[in-house]
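Dear colleague,

I am handing over a structure for you to look at, and below it I have written out what was found in it. Please read the notes with the coordinates open beside them.

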Amino acid sequence: MKLNRTFDLDGFVEQKDNLNPWLQIWFAPRETIRRIASATSIWQFLLLSLIAGLPIYTDFLAQRGGVQGPFFSPSFLVLSLVTGSLFITFHSLILFWIGKLFNGKASYPEMRSTLAWALLPAIIPFIFKVAIFFFYGERCFDSTLSPVHADDSFTVLTLLFYSILYFVFLTWSFITLLIG
């Protein structure tokens, strides 16, 4: 990790790192969130909204029995982007208001940016779920494909691995949000 050090007139040292936040968020979430909370551009927000919206919109469709391939059609991506943007905007507004009740110091754009970056780890279980979709089709989105109803050990292990992966990355997102 390369650090550039600069000195201001008061003698304080400011350290700036040249690491990419897309990689650093996985290994140093607190520092990354704090460094980029006020510097997230609209394009990064839209990309993070799409990443957050993919699993949210897919789960929304699955609950209504409407998940079908192809996953990445233009309409699916646009609706995922809209879903992710609305989710992040609405929930960050609620978190901002709660923060203000407890004398929080974050601005609304900082809270929105923090929530957007905290949802980044949720893409890993989604990628795995897309892989499951290619093996099991639409069954992976309903209750007929579960470890309880599975008919072979590969399916049981796959679904248990997905459940553990989902729990780990959901917990990671939550912790990243809390410490950010």
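Predicted model: local features only at pLDDT ≥ 70, side-chain atom pairs only at ≥ 80, totals over all residues.

As for the chain as a whole, buried residues make up 35% of its 180 residues, and among contacts with a separation of 6 or more, 61% are between residues 24 or more positions apart. The protein chain exposes about 11,300 Å², of which carbon and sulfur atoms supply 69%.

On the surface, a nonpolar patch is formed by F90, I94, W97, I98, L101 and F102, which together have about 710 Å² of accessible area. F102 lies in the loop between α4 (74-101) and α5 (108-118), and F102 counts as exposed because its relative accessible area is 68%, where the cut-off is over 50%.

Helix α7 (residues 153-179) has 27 residues, which at 1.5 Å a residue should span 39 Å, and since its end C-alpha atoms are 39 Å apart, the two values agree. Within α7, the buried residues include T155, T158, L159, Y162, L165, F169, S173 and T176. An α-helix has 3.6 residues a turn, so residues three or four places apart point the same way.

Technical notes:
Residues numbered from 1 in each chain as written. Heavy atoms only, no water. Patch = residues over 30% accessible without salt bridge, like charges linked within 9 Å, V, L, I, M, F, W, Y side chains within 5 Å. Areas by Shrake-Rupley, 256 points an atom, 1.4 Å probe, with all protein chains shown as cover. Salt bridge = Lys/Arg side-chain N within 4 Å of Asp/Glu carboxyl O. Helix = DSSP H or I, 4+ residues; strand = E, 2+ residues; numbered from the N terminus. Buried < 20%, exposed > 50% of the residue type's maximum accessible area, 1.4 Å probe, protein only. Contact = heavy atoms within 4.5 Å. Expected span 1.5 Å × (residues − 1).
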